[in-house]
Amino acid sequence: MKRTGTALIVGGLAAGGLFLAAGAANAMPSDTPCGASDVHVTVAPDPSHAAGHEAYVLTYTAASPTTNCKLEGAPTALTFIAGGQRLPVTATPDGSESVPVNLREGHPAVSRIVQRSAAAAVSPTVVTFDLPTGPYGQPVSVEWPAGAPLKGDTVQVTPVSS
């Protein structure tokens, strides 16, 4: 009887340990790059900025409670569109260090589009870009904030961060 009771206690502790380990495994960072269906992206003016510059924040949130994927680097292939026409704006990475970000529910990521505040302005309606998931990011299209100006013919893009 004593041995059976001890075996049940040891078995229960082992099963509990496996349950806890499985829960920890689900919270581990992912090596799987995010796909367009994994991410919901929004763009909004950034209230903070360096002197002579303004920025817009691209916010990446998990598309579902089970999303667990990786973003890394800066968005690429940015295209700004107004009235169905591509605007002549060049986007380049700002050269900041890139660190992988694990995107999951409750843990969004951001990157920024930085522009000179004194440049001539246009108002795009949409920005398209490849997700920051490595050399072959998936394309997404995001509505630009209504009436928000994009200034100049060059912008810089920061890597994704948490």
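## About the model

Because the model is predicted, local features need pLDDT of at least 70 and side-chain atom pairs count only at pLDDT 80 or more, while totals for chains, interfaces and linings use all residues. Residues are numbered from 1 along each chain as its sequence is written, and side-chain values use heavy atoms, with hydrogens and water left out.

## Overall make-up

The protein has 1 helix and 13 strands; helices (H or I, at least four residues) and strands (E, at least two) are DSSP runs, numbered from the N terminus. Read from the N terminus, the order is α-β-β-β-β-β-β-β-β-β-β-β-β-β.

Of the 162 residues, 31% are buried. Here buried means under 20% relative accessible area, exposed means over 50%, and partly exposed is in between (1.4 Å probe, protein chains only). The protein exposes about 9400 Å², with carbon and sulfur atoms supplying 60% of that area; accessible areas come from the Shrake-Rupley method with a 1.4 Å probe, and for residues only the protein chains shown count as cover. Contact means heavy atoms within 4.5 Å. Among contacts between residues at least 6 apart in sequence, 80% join residues at least 24 apart.

## The disulfide

How many disulfides does the protein have? The count is 1 disulfide, taking a disulfide as a pair of cysteine sulfur atoms within 2.5 Å. Cys34 is joined to Cys69, with an S to S distance of 2.0 Å. The pair links distant parts of the chain, 35 residues apart: Cys34 sits in the loop between helix H1 (2-26) and strand S1 (39-46), and Cys69 in strand S3 (residues 68-71).

The torsion about the S-S bond of Cys34 and Cys69 is about 90°, so this disulfide is right-handed. Cys34 is buried at a relative accessible area of 2%, and Cys69 is buried at 2% relative accessibility.

## Salt bridges

Side chains of opposite charge can pair when their charged atoms come close. The whole structure holds 3 salt bridges, each a side-chain nitrogen of Lys or Arg within 4 Å of a carboxyl oxygen of Asp or Glu. In one of them, Arg112 pairs with Asp46, and the closest N and O atoms are 2.5 Å apart. Arg112 belongs to strand S8 and Asp46 to strand S1, so this pair ties together parts that are 66 residues apart in sequence. Arg112 is partly exposed at 29%, whereas Asp46 is buried at 10%.

Lys151 and Glu54 also meet through their side chains in a salt bridge (3.1 Å, N to O). Because Lys151 lies in strand S12 (residues 150-151) and Glu54 in strand S2 (residues 53-62), the pair ties together parts 97 residues apart in sequence. Lys151 is buried at 13% and Glu54 is partly exposed at 24%. Lys70 pairs with Glu72, with the closest N and O atoms 3.8 Å apart; Lys70 is partly exposed at 22%, and Glu72 is partly exposed at 30%.

## Around Gln115

Is Gln115 buried or exposed? Gln115, in strand S8 (residues 109-116), is buried with a relative accessible area of 1%. A polar atom of the Gln115 side chain lies 3.5 Å from the backbone oxygen of Pro149.

Leaving aside neighbours within four places in sequence, Gln115 is in contact with Gly52, His53, Glu54, Tyr56, Pro149, Leu150, Lys151 and Val155. That list includes Glu54 and Lys151, the two partners in the salt bridge at 3.1 Å.

Notes. A polar contact is a pair of N or O atoms within 3.5 Å; within protein, one must be able to donate a hydrogen and the other to accept it, and residues adjacent in sequence count only if both atoms are side-chain atoms.
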